[in-house]
Number of protein chains: 2
Amino acid sequence: MNPRLEAIPPSMIRQLNSRKRPGDIDLGLGEPLLKPDAALLAEAAAWAADSGCRYGPNAGLAEVREAIAGHCAYPGLDAADNVCVTAGSQEAIFLAIKTLCDPGRDEILVVEPAYPLYRKIAQMEGVASRGAGMSASSGFAFDAAAILEAVRPETRLLVLCSPCNPTGRMIGAAALQQLAAGLLALPDPPYVLLDEAYRELHYQAGPPPALAALYPKTLIAGSLSKSNALTGLRLGWLLAPRDVIGPAIKVHQFVLTSANALGQHIALCLIKRGQVGAHRAHYFGRKEAFCRALAAHGIPHIEPEGAFYTMVGLPGAWSARSVEAAMRLVDEYGVVTIPGAAFGDSAQGWLRASFVAEPQDLAEGAARLAAFFAGRAGIRTAETLTGHKL
Amino acid sequence: MNPRLEAIPPSMIRQLNSRKRPGDIDLGLGEPLLKPDAALLAEAAAWAADSGCRYGPNAGLAEVREAIAGHCAYPGLDAADNVCVTAGSQEAIFLAIKTLCDPGRDEILVVEPAYPLYRKIAQMEGVASRGAGMSASSGFAFDAAAILEAVRPETRLLVLCSPCNPTGRMIGAAALQQLAAGLLALPDPPYVLLDEAYRELHYQAGPPPALAALYPKTLIAGSLSKSNALTGLRLGWLLAPRDVIGPAIKVHQFVLTSANALGQHIALCLIKRGQVGAHRAHYFGRKEAFCRALAAHGIPHIEPEGAFYTMVGLPGAWSARSVEAAMRLVDEYGVVTIPGAAFGDSAQGWLRASFVAEPQDLAEGAARLAAFFAGRAGIRTAETLTGHKL
């Protein structure tokens with residue numbers, strides 16, 4: 001058996017979810033609960049029935065690649081040839097790491113708190129990884145100086161996610177400029193993979209600034225999953241400079257031939273109709289409601305600038321025990337959250353809470369967190385628990 | 001850049017296809033031209049609109065895994081827990097190689113002539129590969145003794161495809177028994193990956209015999225692509241023993257999270273309604289027509305037992321030059337075939353010809369092959385060719 005696979009630890013997120021019981025409030029969710037557009041799905045089905053459900057080119061249908069390049073409109077990455085249509089942004093991340101890194105020699109540097117799979121993919125590929133932790137004391141704001149300080153000569157790829165899963169923070173124009181200038185000054189600047197799975201879900205006036213305009217060695221991972229409630233569609237994209245996209249498409253071909261044709265057609269329709277950001281207002285409303293509820297209970301949290309997560313700060317007694325706190329919250333208080341430890345050392349002492357649930361569930365979830373924080377009894381005491389050991 | 005990727009040679013099949021011009025007869029095609037069932041696609045769209053288009057479990061929806069296990073009904077691989085729903089059989093092949101092989105130590109042994117991507121995936125993963133060539137003199141019949149002779153102590157995985165792309169041959173009960181007995185007698189029996197992408201397209205009375213019933217270290221790669229004209233759906237499966245499927249699902253999760261939900265629903269419907277083998281009679285008719293036309297022209301070829309390919313034997317003068325013959329056929333005779341050399345050394349001197357095209361195109365294709373074989377002039381002479389150099 002491939003020994004690298006056995007060495008990868010099991011998922012903390014899955015362990016938490018497996019303890020959830022009926023009636024529990026789920027603030028651990030990492031996907032939309034909205035229904036996708038029925039007419040759009042029907043149209044894709046009719047298109048495939050009419051024109052066939054064929055492989056198409058490995059990198060994606062020409063018109064889909066062109067539409068994605070035009071939609072993102074990032075300087076230097078705005079041609080159809082810069083695009084590989086992928087099975088979600090997950091595959092785009094995998095392609096970037098696998099294509100760029102020489103196993104045993106290169107490393108990836110992940111800006112943390114971060115989605116745990118970047119480093120697990122690296123581990124699977126025999127590529128070393130390190131985390132550059134953003135500081136909890138500044139609310140996990142992206143700190144260009146701290147990132148630059150963590151870059152080493154063997155750093156081949158720097159990975160950052162903005163809007164960020166799990167923190168909800170976005171990297172601003174000033175930090176982007178400082179980061180790009182600092183990287184360009186290095187003797188051998190690394191590539192940067194910007195994970196933009198939550199690109200459309202930002203709660204500011206304009207769209208986020210474009211790193212690609214400042215830094216030519218930029219790759220982008222994108223997706224329809226979160227923006228359009230289509231996680232199950234498995235439709236995303238990798239944008240990369242010409243010399244990188246070719247080898248990435250080779251990996252993509254060997255792994256799964258091409259992205260599914262129904263998903264590609266749906267992407268084309270959504271982009272053409274300008275509907276990719278259609279759910280932004282919905283999540284903005286949820287964010288406002290959830291943060292209001294947390295504030296009313298005096299629960300410390302990060303004000304999200306994007307995505308559908310916030311980080312909740314644990315009381316001091318729990319500051320080194322986020323896993324234990326999350327276990328106790330689900331077992332005794334009936335509320336699922338994800339321990340900060342799952343996202344890197346810098347988020348120990350925090351919990352990730354998502355706000356995709358219904359407003360009444362968000363309010364009840366905040367109330368249960370408050371009970372735990374105040375040391376009040378949960379809805380289930382340790383004595384009534386059966387089959388669930390802490 | 002990952003140095004393994006740069007070392008992988010470009011695709012011969014793609015090079016051939018890029019020379020095709022309007023009006024050419026395409027016997028190079030590796031996918032159905034039939035249209036998928038419109039009602040089924042519409043139903044899947046309605047299902048997703050109603051129940052949401054969610055990630056679902058990494059390994060696939062429980063009912064889909066169960067349906068696939070029941071459909072294949074292979075002893076020891078017939079539980080839902082033996083199934084990972086994949087992005088086509090391509091991903092299933094990738095998962096098998098990546099999961100089972102320790103890079104730098106293990107090798108895969110591929111029964112050739114074979115789909116070229118098995119060995120390219122191994123190369124991408126840093127895993128050594130060798131071919132065990134079946135003999136042209138016996139029409140590329142599966143020869144268990146020759147396969148067993150090629151197995152070495154470092155052979156971790158044996159790969160064979162039946163019904164076979166490119167030869168159209170199927171492995172029979174006697175050869176399977178001999179193979180299983182021989183492998184079981186080894187001190188450390190390798191795993192066997194049986195690629196059954198063409199499982200439903202067999203032209204014999206019963207279904208093919210089950211290797212899994214004879215040999216417990218069997219893995220199966222399957223798909224709806226070829227059986228149901230759904231190559232673009234990217235829906236397949238890996239069946240594997242319990243100790244293998246767990247790590248394989250881990251790779252699957254890291255690479256693309258889960259198979260697309262629309263495809264999973266379509267698979268469920270097709271299996272429940274017993275429609276997975278619905279196109280068998282269609283391809284049987286095409287096979288009969290094509291083989292009749294080849295025979296009428298006196299063109300030597302393999303009588304296919306399954307899949308939608310035959311191998312055409314080149315005249316002696318071309319026996320070491322299948323690539324050159326295929327180039328000349330497309331450039332001067334306007335007929336696309338795939339050179340045997342693409343499938344391994346043992347198929348040098350042969351061409352793969354598919355019979356998915358319309359009957360009149362199959363007849364015209366056979367006539368053009370005959371003209372080349374007889375040394376008659378093609379529809380385009382070398383003088384009239386512009387921009388296409390041999």
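Guide: The copies meet through the same surface, because 100% of the interface residues of chain B are also interface residues in chain A. This is a predicted model. In the contact, 51 residues of chain B face 51 residues of chain A. Six helices of chain B give two or more residues each to the side that touches chain A: H1 (3-6), H3 (38-51), H5 (88-100), H6 (117-124), H10 (242-256) and H11 (261-272). By class, that side of chain B holds 31 nonpolar, eleven polar and nine charged residues.

B:Arg242 sits in helix H10 of chain B. Is B:Arg242 buried or exposed? B:Arg242 is exposed, because 11 other C-beta atoms lie within 10 Å, and the cut-off for exposed is 12 or fewer. Leaving out residues up to four places away in sequence, B:Arg242 touches B:Asp81 and B:Asn82. B:Leu77 is 165 residues away from B:Arg242 in sequence, yet their C-alpha atoms are 8.4 Å apart.

Next, the core. The largest nonpolar core has 259 residues. Those that touch the most other members are A:Ala96, A:Ile97 and A:Leu238, together with B:Ala96, B:Ile97 and B:Leu238. Beyond its neighbours within four places in sequence, A:Ala96 is in contact with A:Leu157, A:Leu193, A:Leu219, A:Ala221 and A:Leu238. In soluble globular proteins, nonpolar side chains tend to be buried together.

Last, the division inside one chain. Chain A splits into domain 1 (3-34 + 279-380) and domain 2 (38-272). The C-alpha centres of these two domains of chain A are 26 Å apart. Across their boundary, 31 residues of domain 1 of chain A are in contact with 34 residues of domain 2 of chain A. On the domain 1 side, at least two residues each come from helix H1 (3-6), helix H12 (280-296), strand S9 (309-313) and strand S12 (350-354) of chain A. H12(A) supplies the largest share of that side, four residues. The side of domain 1 of chain A that touches domain 2 of chain A has 17 nonpolar, seven polar and seven charged residues.

Conventions: Residues are numbered from 1 along each chain as its sequence is written. Chains are lettered from A and ligands numbered from 1 in the order in which they are written. This is a predicted model: local features need pLDDT of at least 70, side-chain atom pairs count only at pLDDT 80 or more; totals for chains, interfaces and linings use all residues. Two residues are in contact if their C-beta atoms, placed from the backbone, lie within 7 Å. Ala, Val, Leu, Ile, Met, Phe, Trp, Tyr, Cys and Pro count as nonpolar, Asp, Glu, Lys and Arg as charged, and the others, Gly among them, as polar. Domain bounds come from an automatic or database domain assignment. A nonpolar core is a set of buried Ala, Val, Leu, Ile, Met, Phe, Trp, Tyr and Cys residues joined through C-beta atoms within 7 Å. A residue is buried if 20 or more other C-beta atoms lie within 10 Å of its own, exposed if 12 or fewer, and partly exposed in between; C-beta atoms are placed from the backbone.
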